[in-house]
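Dear colleague,

Please find below the structure that I am handing over to you, together with its sequence. My notes on what was found in it follow.

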Amino acid sequence: MSDALARTGLGEAGIWTFAFEGQPAGRVREAAAEIEELGYGALWYGEAFGRDSAGQAWLLLTATRRIVVASGIANIAFREPLAMAAAERTLGEAFPGRYVLGLGGHRVDDTVSEVDGYPVPARGKALSTMRRYLDSMDAAPAHGPAPDPAPRRVLAALGPKMLGLAAERTWGAHPYFVPVEHTALAREAMGPDAFLGVEQAVVLDTDVDRAREVAAAHVAGYVTMAPHQAASMRRLGFGEEDLAGGRPSRRLVDAIVAYGDVDALHARVREHLDAGADHVCVQVLTEDPAELPLPQWRELAPVLLGR
């Protein structure tokens, strides 16, 4: 048993994906079962405007027997703390030790825009908002059986203050869209005991130009549509020449996305682990973001898992 598996139950490498959002439930179940059979320690999934995060977790947990299922992340803007706490307890009690609740996003009372006729909460002060949200979850009354062990929580932390809150109030942090340099800073900010599970985007393709094009499209989407990600990159020393105009610099693309053959991708995962990560969840990017990258998950497994 590896040190990371003994310490966290997740092992050193897992899978992170948005691809389940657009797939029918039966296909998701089949893919989850295969990911588990391949030996990955954890299965992380995103939440956008597809399945509810708790429902997606239930779908994945019932399709598998061993693997840890983790939300990466459940958006606190989408549901009340009472509902989140109830879902966490339910999943933790039904699947002991196998559910990790990742929390992130922003939540305030005012609304600034609408999506399909429904209000979307505006951005507030992320740190104080998350602290209050955790307080409310902890204060939620419970009338059913208590999960044993208690479910684990992580925060989608990037900046030093949120990383500190993650270490103070939860199991640890789940940084997304970060270079290896951030992993070292996160470990320093949180101390040696907090869990650090880092997302790493990869393109498994030895055609360098094609791989870099896929990687650049991924990075451009985040730095143009996610202001908190652009701010994170600025804190790490990337300038406007790296971020501006929806055309990220090669320096930024190469820092965020690993591309090439399996050995190149494994080397990047290893760098995160050496920098202080307990676990790295690999997000495979392809030319079609909606497809399930099963061939790549299969090819990566023997190298990432040391089999």
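**Findings in the predicted model**

Leaving aside its neighbours within four places in sequence, Phe20 is in contact with Val28, Ala31, Ile35, Leu43, Arg51, Gln56, Leu60, Leu292 and Trp297. Please bear in mind that this is a predicted model.

Phe20 also belongs to the largest nonpolar core, which has 63 residues. Within this core, Phe20, Tyr40, Leu103, Trp297 and Leu300 are the residues that touch the most other members. The element that gives the most to the core is helix 13 (residues 294-304), which supplies five residues. Another core, made up of 31 residues, lies apart from this one; Ala215, Val219, Ile256 and Leu285 are among its members.

I would next draw your attention to the backbone. Most peptide bonds are trans, and most residues other than glycine have a negative phi. Against that background, the following places deserve mention.

- Gly72 and Ile73 are joined by a cis peptide bond, with omega at about 10°. Ile73 is located in the loop between strand 3 (68-71) and strand 4 (74-75).
- A cis peptide bond also leads from Asp148 to Pro149, where omega is near 5°. Pro149 is part of the loop between helix 5 (126-139) and strand 8 (152-155).
- Phe177, although not a glycine, has a positive phi of about 65°. This residue sits in the loop between strand 9 (172-173) and helix 7 (180-190), and Phe177 is buried, its relative accessible area being 0%.

Which of its residues are buried? They are Val180, His182, Thr183, Ala186, Arg187 and Met190. These residues cover an arc of only 145° around the axis, and they therefore lie on the same side of helix 7. The face turned away from that buried side carries Glu181 and Glu188, which are exposed. After helix 7 comes Gly191, with a positive phi near 85°.

Finally, what does Leu236 contact, its neighbours within four places in sequence left aside? Its partners are Pro179, His182 and Leu185. Leu236 has its place in the loop between helix 9 (227-235) and helix 10 (240-243). Along the chain, Leu236 and His182 are 54 residues apart, while 7.3 Å separates their C-alpha atoms.

With kind regards

Methods: Residues numbered from 1 in each chain as written. Predicted model: local features only at pLDDT ≥ 70, side-chain atom pairs only at ≥ 80, totals over all residues. Heavy atoms only, no water. Core = buried A, V, L, I, M, F, W, Y, C linked by side-chain atoms within 4.5 Å. Buried < 20%, exposed > 50% of the residue type's maximum accessible area, 1.4 Å probe, protein only. Helix = DSSP H or I, 4+ residues; strand = E, 2+ residues; numbered from the N terminus. Contact = heavy atoms within 4.5 Å. Arc of directions from axis to C-beta.
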